[in-house]
Amino acid sequence: MRGERLEVRNEKISSFEDLRVYQQAYELTLRCHQLTRTFPEHEKREIGYQIRRASISIPANIAEGYGRKNSAKEFKHFLRNALGSSNEMIVLLKISRDLGYIEDASIIDDYDRLGKQIFTLIERWT
């Protein structure tokens, strides 16, 4: 598939774990879990929960959709879900930043880049 070549240059993809977009989403999920541990106690259960849920949704949707890769339409459906969760993460992280819970907001830019990569993959996967 053409999308596979875009994703991993000249390397064969044998699993969703080989997709760079999955790898990046997974790493960001781990960072978000660590980040929410620093939130005030009441926010760990509120916005922290929302952040953890949305961040997990991204690599999970990529993995689930890849399992249905024989249908480009289905894979793209799951990628669009992942993109929606990536956008949700940007909002949640900006709220957290503006409430003073996040000092280093570079993770917001990382989610913005991830969303662009997911969008490109949706557009180019055939």
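How close do the axes of helix 2 and helix 6 come, and at what angle do they cross? This is a predicted model, so I kept that in mind throughout. I looked up the pair: the axes of helix 2 (residues 20-36) and helix 6 (residues 106-124) come within 10 Å and cross at roughly 155°. Angles over 145 degrees count as roughly antiparallel, so helix 2 is roughly antiparallel to helix 6. I noted the hand of the crossing too: left-handed.

Next I listed who makes the contact. Helix 2 brings Val-21, Gln-24, Ala-25, Leu-28, Thr-29, Arg-31 and Cys-32. From helix 6 come Ser-106, Ile-107, Asp-110, Tyr-111, Leu-114, Gln-117, Ile-118 and Leu-121. Sorted by class, I get nine nonpolar, four polar and two charged residues.

I followed up on Leu-93. Leaving out residues up to four places away in sequence, Leu-93 touches Leu-35, Ile-51, Ile-102, Ile-107, Ile-108 and Tyr-111.

Last stop, a loop residue: is Leu-19 buried or exposed? Leu-19 sits between helix 1 (2-7) and helix 2, and counts as buried because its relative accessibility is 0%. I also checked Leu-19 against Tyr-66: they are 47 residues apart in sequence, with 9.4 Å from C-alpha to C-alpha.

How values were computed: Residues are numbered from 1 along each chain as its sequence is written. This is a predicted model: local features need pLDDT of at least 70, side-chain atom pairs count only at pLDDT 80 or more; totals for chains, interfaces and linings use all residues. Side-chain values use heavy atoms; hydrogens and water are left out. Axes are lines fitted to C-alpha atoms, for helices over the stretch in contact, and angles run from 0 to 180 degrees between N-to-C directions. Helices (H or I, at least four residues) and strands (E, at least two) are DSSP runs, numbered from the N terminus. Angles under 35 degrees count as roughly parallel, over 145 as roughly antiparallel, 65 to 115 as roughly perpendicular and the rest as oblique. A crossing is left-handed if the near helix is turned anticlockwise from the far one by less than a right angle, and right-handed if clockwise. Contact means heavy atoms within 4.5 Å. Ala, Val, Leu, Ile, Met, Phe, Trp, Tyr, Cys and Pro count as nonpolar, Asp, Glu, Lys and Arg as charged, and the others, Gly among them, as polar. Buried means under 20% relative accessible area, exposed over 50%, partly exposed in between (1.4 Å probe, protein chains only).
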